[in-house]
Every structure is written in structure tokens, then in C-alpha cells.
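Me: I have a model open here and would like to go through it with you. Could we take it residue by residue and then look at the pockets?

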Amino acid sequence: MSLILSIPLFFMTLLSAFGGSITPGETFDITAIRSIVIRGDSSSIRITTDAGRPYEAVTTGRRIGWFSSWYSNWFFNACKDESRVQIDGTSMTIDVAVSAWSDIGDCAPDVSANVPAGAAVKIDQHAFMARLDGNFSSFRTSGNAADITLDGHASEVDISGAAVRANLTYASIARDEKIGIEATSLDAKLGFGADVPVDYTVTAKASLVDAEKPSVPGVKPQVTIRGDYVRARIR
């Protein structure tokens, strides 16, 4: 039976004036959190805004690759989660870190968080895979390689990177949406629903843009895409 090290960071009872560093194993409430920043080692990220579930954050370290099962079975500290959390008022920062017993296998950090609707999310990592489900005030990223999925709503989106794949599907339209994506190589799919006018601009050295309807200047959603090599599908 494989042993996967998992150190949860469940948050219960946070005072709004509290500020400080949290190590794995401590418990604090994040119902007051309005912004979350994730940085540090590259990771796989899942963020939701489900009011029917506890508001909590969990970080784990798991080993991947050919030797992952062997190391997990024989070494308790094969892939140790050393992530840290900083709470400052209504802001939460997660510094992702995983230490490996050996370089033969790779450690893959996972971050999972359920935060109140309307939270702002920022990811600053060299490489990451992120999935966001729910309603967010803003979503910002920076890094080199990113695979991003948004299913729900975000009023402001700002994505930048070298190689980016972005799949943004809006469940509702508030006419306040502003989306900016800039990448050297970009594969983007944006869905706003049927009969929704969109103001979109694509600037690239080489591009393939698949849009059912022409851009409608001045309306929102407003989409600005810049890159060297761009493939974009807008619906």
C-alpha cells in the first residue's frame, strides 16, 4: 500500500487582526480571506468557491515518475511537504515547497483550497497547472509555463507567461469582464455563452483566431490577447 505524505492546512478560528506565519499542522479559519497568493515551487493547483463545503486549504507532496511507488513504499520522507502559509488580515499567501529524499524521483506539490466567493487569486510560479471553479473577483498569473482552466466567473483576468494554455469558460456575464492574456506561445479557448457580444483584440506575429462573431468595440467582456504565436477560439 503506497504511503502518500499529506500535511493538511485546515483553517478554523481566525481573528481579523491576526497576522503571522503558519506551519503545517496548525488550524485556522479562512472565512475572512478575500485574497490568496500562491508562489514558490511549481505545483498543481485547485481552487473552488463552494459555500456548501468548509473553507480550507490543503497542501500535499507526492512523488511521480518511474520510481514513485517504490519510494513511497520504502521511505517515509520520500516526498515531504514543507509549504508555509502567511495570514495577514484578509490575505493568505501560500509558499509551496517540497523536499525530496533523492533526485531519482520527482516530487509534485499539490495545492487545494476552498475560499469564499469573490476572492482574488494570484499565482506566481515558474510552471503550474491550475483549475479554478467558482466566482472570483480577479485572477492573475505570471510564470514561464502554465496550463489554466477557469470555470465560473472572474471580473478581471491577467495572464502572462512564455508558454500558456488557457481555457476560460464563463457561467455568467456581468458586463464587467476584462481579460488580458500575454504569452510567447498561446493556446486559448474563451467561452462566454451564446449571443454575448465581445470586444476582442489579438496582436501576434502569427495567429489563428476562430471567432463566430466579429468584435464589438466598447462592450464587455473585453479581451486583449498579445503574443508571438497565438491560437485563440472565442465563443
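Me: Is asparagine 114 buried or exposed?
Reply: Please note that this is a predicted model. Asparagine 114 is buried in it, because its relative accessible area is 0%, under the 20% limit for that class.

Me: Which strand does asparagine 114 lie in?
Reply: Asparagine 114 belongs to strand S10, which covers residues 106–114.

Me: What does asparagine 114 touch, leaving aside residues up to four places away in sequence?
Reply: On that basis, its contacts are Ile30, Thr48, Thr49, Asp50, Arg53, Pro54, Tyr55 and Glu56.

Me: Which backbone oxygens lie by a polar atom of its side chain?
Reply: The backbone oxygen of arginine 53 is 3.3 Å from a polar atom of the asparagine 114 side chain. For the backbone oxygen of proline 54, the distance to a polar atom of that side chain is 3.1 Å.

Me: Changing topic: how much space lies in the largest pocket?
Reply: The largest pocket holds about 200 Å³ of space. It is lined by 14 residues, and those closest to its centre are Val157, Asp158, Ile179, Gly180 and Ile181.

Me: Now the backbone. Which peptide bond is cis, with omega near 15 degrees?
Reply: The bond from lysine 220 to proline 221 is cis. Proline 221 sits in the loop between strand S15 (199–211) and S16. Most peptide bonds are trans, and most residues other than glycine have a negative phi.

Me: What is phi at arginine 175?
Reply: Phi of arginine 175 is near 65 degrees, a positive value in a residue that is not glycine. Arginine 175 is placed in the loop between S13 and S14, and it is partly exposed, with a relative accessible area of 45%.

Me: Where is aspartate 195 found?
Reply: Aspartate 195 is in the loop between S14 and S15. Its phi is positive, about 60 degrees, although it is not a glycine.

Me: Is aspartate 195 buried or exposed?
Reply: Aspartate 195 is exposed, because its relative accessible area is 65%, over the 50% limit.

Terms used:
Residues numbered from 1 in each chain as written. Predicted model: local features only at pLDDT ≥ 70, side-chain atom pairs only at ≥ 80, totals over all residues. Heavy atoms only, no water. Helix = DSSP H or I, 4+ residues; strand = E, 2+ residues; numbered from the N terminus. Buried < 20%, exposed > 50% of the residue type's maximum accessible area, 1.4 Å probe, protein only. Polar contact = N/O pair within 3.5 Å; in protein donor to acceptor, adjacent residues only side chain to side chain. Contact = heavy atoms within 4.5 Å. 1 Å grid on protein atoms, 1.4 Å probe; cavity = no way out; pocket = protein on both sides within 12 Å on 5 of 7 lines; lining within 4 Å. Points joined across faces, edges and corners; volume = space filled by probe spheres on them.
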